[in-house]
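I am keeping these entries as I go through a structure.

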Amino acid sequence: MKNKKNNQKNDDLLGINKKIDRRDFINSTLVGAGTALYSMLSPTASLGDASRDLYLPNQVGDNWYGYGGVGDSKDSHGNTPEILKGAHALRDGLITQKNISQIDASEKYDLVIVGGGLAGLGAAQRFNELYPEKRCLILENHPIFGGEAKRNEFNVNGSIITAPQGSNSFYYKTKNSDIKEDLKYIDILNIPDEFSYASMKNNDEELVFAQEHYDVQLWGEEFISKGYFVDQQSHNVEPQWIKNIWQDKLKRFPVSEKIKKDLLSWKYAKDIPNDDHMTNAWLDSMTYKDFIEKVMGLDVAVTKFADPVLASAGGMGCDVMSAYIAKQLGMYGLYPDAPVNPLNRHSFPGGNDGFARHFVKLLIPGAIAGKNNFEDIMNNPINFNRLDHEGNKIRLRLSSNVIDVHHTSKSVNVTYYKNNELTKINAKAVVMASGGWINKHIISDLPQTYKNAYDQFNHAPMLVANVALTNWRFLKKLDITAYQWSGGFGFHTNIRKPMHIGNYKPDLDPDKPITLTFYVSFEKTNQGLSAKEQSRLGQYEMLGKSFMQYERDIKEQMVRMFSSSGFDPKNDIAGIILNRWGHAYVTPTPGFFYTPEGGPGYADIIKTQPFGRVSFGHSELRGYQHWGPAAAEGSRAVDQISEYI
Ligand SMILES: Cc1cc2nc3c(=O)[nH]c(=O)nc-3n(C[C@H](O)[C@H](O)[C@H](O)COP(=O)(O)OP(=O)(O)OC[C@H]3O[C@@H](n4cnc5c(N)ncnc54)[C@H](O)[C@@H]3O)c2cc1C
């Protein structure tokens with residue numbers, strides 16, 4: 001009883017019971033949504049095996065999904081409850097071939113693309129380029145296109161502020177980091193050469209901001225006004241902020257001299273392995289933890305320091321991820337160009353949703369209101385009724401969950417679920433631009449070799465929490481724009497310097513609204529668990545928590561760090577949007593790229609040979625997931641089946 005009272009008091013202080021946006025959401029948007037799938041399928045009913053139950057919470061309702069913000073993406077943030085239930089029901093064999101065989105195909109297309117993320121859009125762009133006269137349909141199961149590249153929008157006191165749901169940034173015009181496929185699409189999509197950013201009022205040059213959320217986590221942190229929070233819980237010291245820890249070679253950082261020395265050897269390593277096939281295969285035979293501790297000979301504390309950073313960019317920690325993917329993600333000891341200047345990296349207001357919008361405008365000119373220019377494409381509303389218009393050469397059908405793909409004698413049938421109905425369509429060929437965790441279940445005639453290869457893939461969860469602030473005075477008081485901590489909710493967040501596009505011009509002013517984006521991974525390192533076990537536990541944890549529990553976690557974490565600089569959770573937080581990605585990243589473990597037997601990596605088995613008229617093009621097939629290569633994977637998949645189109 002006493003505990004309950006204390007919790008209530010704590011919640012009052014955190015503003016948990018204050019009427020904020022999530023309440024409005026519960027009262028309106030979701031009531032009744034998805035009921036058809038819920039009632040049609042009872043995912044837990046057939047679960048004889050408890051391990052399946054582990055990552056399938058029984059209830060994913062409105063108190064789970066939470067507030068979705070405003071604008072075109074308000075109903076689609078991370079995994080939606082409907083898709084979670086539907087996809088898991090499919091996995092558990094609750095939709096049968098008998099249901100599907102009773103339906104006739106109602107439409108015919110030259111190509112069907114499953115998935116409207118950047119890979120699917122890249123596939124459609126290639127189709128458009130090759131076949132100006134032919135027709136293609138993209139089926140996407142979310143209420144909006146973009147996949148992991150979507151936006152969240154808040155309206156804070158009349159100002160719209162935008163943040164990424166997942167995929168956040170891109171390189172452009174950097175000496176060493178430009179990726180040729182990014183450059184190719186930047187050209188095709190006619191993305192501008194220069195971007196304009198907000199600057200601080202009163203020309204306050206003291207505060208330095210990153211323009212995005214990744215380089216500031218490690219690679220470029222010394223260029224930014226960044227603070228580390230340490231306290232009793234994390235380092236056995238009085239709570240305090242240490243600004244720019246690398247500036248004096250970790251002198252003020254409360255760890256032993258040995259750990260300081262090892263962290264510096266790691267960060268400033270110059271003896272970098274070669275970039276050739278033999279060396280890369282060798283790196284892919286070990287974890288990054290083994291590379292740090294056995295090859296570099298450094299303390300386990302270095303591995304722990306690297307864990308959340310690697311997981312934030314790749315899904316899991318150093319104990320399971322291949323040293324070769326760590327190299328591709330630029331981790332220290334393996335990357336010759338560190339540290340990097342984070343001002344070479346950019347982020348559109350809604351992250352890489354900017355690229356998705358440009359693809360869609362190119363393919364379906366009426367899809368976004370206004371002219372074909374950067375400002376209109378980024379800022380104008382989506383014309384949802386134009387996406388699947390009969391006259392379109394490329395049609396994009398949303399909220400359409402593909403549940404079966406299989407060959408007929410000279411074509412492929414694709415069945416999807418939309419508005420309580422199953423619909424079958426027929427295509428000459430199909431590109432699967434959806435991830436392996438779903439492909440292996442929905443292609444009903446998929447040969448065992450592909451299934452076996454897909455079984456080697458592991459997908460890790462990721463929570464991206466966007467927190468809208470009414471002001472960020474509490475950070476200004478500390479003279480920081482980015483901060484890191486260990487223990488508790490998340491490990492890092494920062495203020496992005498807002499990109500200005502046309503009328504979208506948020507201020508960079510400590511008394512004005514801004515968003516913080518928390519990338520939260522679920523690695524369970526140092527427990528001897530496999531990548532799959534860690535991911536299942538992480539999915540269970542992430543999918544099992546209610547919105548309100550996360551709201552509490554976020555607010556408590558911020559109070560722990562900022563109460564002394566004036567943070568007030570009741571008034572400083574205007575809204576929270578949770579984007580829960582159950583299968584955010586494929587997590588390449590040793591052998592993903594070069595199998596121990598010397599054969600092709602698992603991804604190569606899937607991508608080098610289409611299965612009949614069905615080819616596979618999804619970012620995970622690169623291991624290193626990135627927007628341009630994702631689109632290029634889709635494009636490659638179209639080329640592979642062109643003989644059938
Ligand atoms: C948290 C996070 C941060 C990231 N940050 C960056 C970054 O900063 N920069 C960067 O370049 N990349 C980043 N990425 C990587 C990003 O995943 C890729 O760049 C790219 O956006 C992936 O595109 P995709 O089309 O391959 O996959 P997805 O975006 O996953 O698209 C696949 C689409 O298929 C749909 N689908 C699945 N099953 C079905 C079905 N049965 N029926 C119909 N539709 C279906 C899905 O809903 C989804 O929309 C990040 C990823 C995550 C998770």
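Entry 1. Why can helix α16 be called largely enclosed by the rest of the structure? The model is a predicted one, and I keep that in mind throughout. I looked up the helix, residues 353-363, and found ten of its eleven residues buried, so the rest of the structure largely encloses α16. The buried residues of α16 are Asp353, Gly354, Phe355, Ala356, Arg357, His358, Phe359, Val360, Lys361 and Leu363. Buried here means under 20% relative accessible area.

Entry 2. I then checked the whole protein for context. It has 645 residues, and 60% of them count as buried. I noted 26 helices and 20 strands. Of the contacts with a separation of 6 or more, 73% are between residues 24 or more positions apart.

Entry 3. Next I took Gln125, which sits in helix α8, residues 118-130. Is Gln125 buried or exposed? Its relative accessible area is 6%, so Gln125 is buried. Leaving out residues up to four places away in sequence, I listed Tyr185, Ile188, Phe359, Leu362 and Leu363 as the residues Gln125 touches.

Entry 4. I moved on to strand β3, residues 151-156, where five of the six residues are buried. β3 pairs with β4 in the antiparallel sense, and I recorded six bridges. One of the bridge pairs joins Phe154 to Ile161 in β4. The two strands form a hairpin with two residues between them. In the turn, Asn157 has a positive phi of about 50°.

Entry 5. I looked up an open sheet of three strands, in the order β18-β14-β19, with antiparallel pairing. β18 and β19 (573-586) are at the edges with a single partner strand each, so one side of each has no neighbour in the sheet. On average, neighbouring strands of this sheet are turned by 15° against each other, direction ignored. Between β14 (residues 459-469) and β18 I recorded seven bridges.

Entry 6. Rolling a probe the size of a water molecule over the atoms shows where empty space is left. The search of the whole structure gave six cavities of 30 Å³ or more. The largest cavity holds about 130 Å³ of space. It is lined by 14 residues, and the closest to its centre are Thr162, Arg496, Pro498, Tyr504 and Thr515. β4 (159-164) and β18 (514-520) each supply at least two residues of this lining. By class I counted eight nonpolar, four polar and two charged residues in the lining of the largest cavity.

Entry 7. The second largest cavity has a volume of about 70 Å³. Which residues line the second largest cavity? I listed Asp72, Ser73, Ile144, Phe145, Ala149, Lys150, Arg151, Asp353, Arg357 and Ile382. By class, this lining has four nonpolar, one polar and five charged residues.

Terms used: Residues numbered from 1 in each chain as written. Predicted model: local features only at pLDDT ≥ 70, side-chain atom pairs only at ≥ 80, totals over all residues. Heavy atoms only, no water. 1 Å grid on protein atoms, 1.4 Å probe; cavity = no way out; pocket = protein on both sides within 12 Å on 5 of 7 lines; lining within 4 Å. Points joined across faces, edges and corners; volume = space filled by probe spheres on them. Helix = DSSP H or I, 4+ residues; strand = E, 2+ residues; numbered from the N terminus. Nonpolar A, V, L, I, M, F, W, Y, C, P; charged D, E, K, R; others polar. Pairing = 2+ DSSP bridges. Axes fitted to C-alpha atoms, helices over the stretch in contact; angles between N-to-C directions. Buried < 20%, exposed > 50% of the residue type's maximum accessible area, 1.4 Å probe, protein only. Contact = heavy atoms within 4.5 Å.
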